[in-house]
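Visitor: Could you walk me through a few features of this model and how to read them?
Guide: Gladly; let's look at it together.

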Amino acid sequence: MNSLTNAFRISSCVFGGYKNILPGRSTWLRPIQICSYKKTAEERLGIEKPKRPLTPFFKFMAQMRPALLAKNPSISSKEAISWTSKHWQQLDVETKTQMTKEYEKDLEDYKKIKELYQSSLTEQQKEDIKKLKEEMAAAKEKRKLKAEYKELGRPKKSMSSYILYMMSRKDTSQANDFKSYQEKVKADWLQLPESERKKYEKQAQEQMNKYKKDLEGWEMKMISIGRSDLVRQKPTPKKRSKSIKNE
């Protein structure tokens with residue numbers, strides 16, 4: 001491992017983690033060191049990227065979290081933040097000043113290492129990072145839209161005749177190898193008598209008709225509350241241009 005890569009790894013742990021900065025300050029503060037971070041585009045590509053240091057408050061929150069969860073494992077995130085904020089306000093000025101100074105020092109070190117990191121990237125790596133970030137942003141928007149659909153009660157799409165047949169089977173719970181089970185179901189479906197298959201096709205069509213009707217009603221409701229952005233965009237038919245014959 002070269003020295004630059006090693007510097008990146010150390011910065012990710014030390015600057016993004018928690019150092020023992022409050023020994024003996026309070027009985028309810030137990031200094032710990034963590035090295036946790038979100039999965040970034042760079043990490044997915046196997047590229048070492050320095051982490052920005054945590055602010056004093058978030059360092060304090062990271063330090064308090066283990067003790068808080070030990071006392072109350074079922075505490076919600078909202079309650080945990082409220083509890084931490086209350087104790088942060090009670091923290092003495094001297095300790096906060098010390099934490100701020102160390103944060104500023106870590107931030108200066110981070111900026112220097114970040115410059116080295118950016119200059120070490122190849123053009124191909126920069127292009128790969130940019131492309132992956134765009135894909136991740138698009139996936140995030142898709143998840144956000146899906147959650148919004150669920151919250152606003154958008155009707156779920158109906159199932160196909162094949163899926164209805166699969167769900168009607170009694171051996172679903174006994175499937176250990178799902179891939180092999182799918183192959184077996186597919187083979188059985190192809191050998192199913194036409195009269196039996198038509199039953200599932202009819203059921204699927206009935207569900208599809210209901211889905212379309214429910215969806216239209218839901219979209220009308222969205223328009224009425226000013227959420228036309230959630231309504232499907234129907235293609236506008238192109239107008240035929242009149243051909244002009246040359247004399």
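Guide: We can start with E42, which sits in helix α2 (residues 41-44); helices here are DSSP runs of H or I, at least four residues, numbered from the N terminus. This is a predicted model, where local features need pLDDT of at least 70, side-chain atom pairs count only at pLDDT 80 or more, and totals for chains, interfaces and linings use all residues. Residues are numbered from 1 along each chain as its sequence is written, and side-chain values use heavy atoms, with hydrogens and water left out.

Visitor: Is E42 buried or exposed?
Guide: Buried means under 20% relative accessible area, exposed over 50%, and partly exposed in between (1.4 Å probe, protein chains only). E42 has 3%, so E42 is buried.

Visitor: Which residues is E42 in contact with, leaving aside its neighbours within four places in sequence?
Guide: Contact means heavy atoms within 4.5 Å. For E42 these are I47, K49, Y117, I129 and K133.

Visitor: At what angle do the axes of α7 and α8 cross?
Guide: Axes are lines fitted to C-alpha atoms, for helices over the stretch in contact, with angles from 0 to 180 degrees between N-to-C directions. Helix α7 (residues 161-168) and helix α8 (residues 178-190) have axes that cross at roughly 115 degrees and come within 11 Å. The two helices are therefore roughly perpendicular, a label used for 65 to 115 degrees (under 35 is roughly parallel, over 145 roughly antiparallel, the rest oblique).

Visitor: Which residues make the contact?
Guide: S161, Y162, Y165 and M166 of α7 meet Y181, Q182, V185, K186, D188 and W189 of α8.

Visitor: Which residues of α7 are buried?
Guide: S161, L164, Y165 and M166; their cover includes α8 and α9 (194-224).
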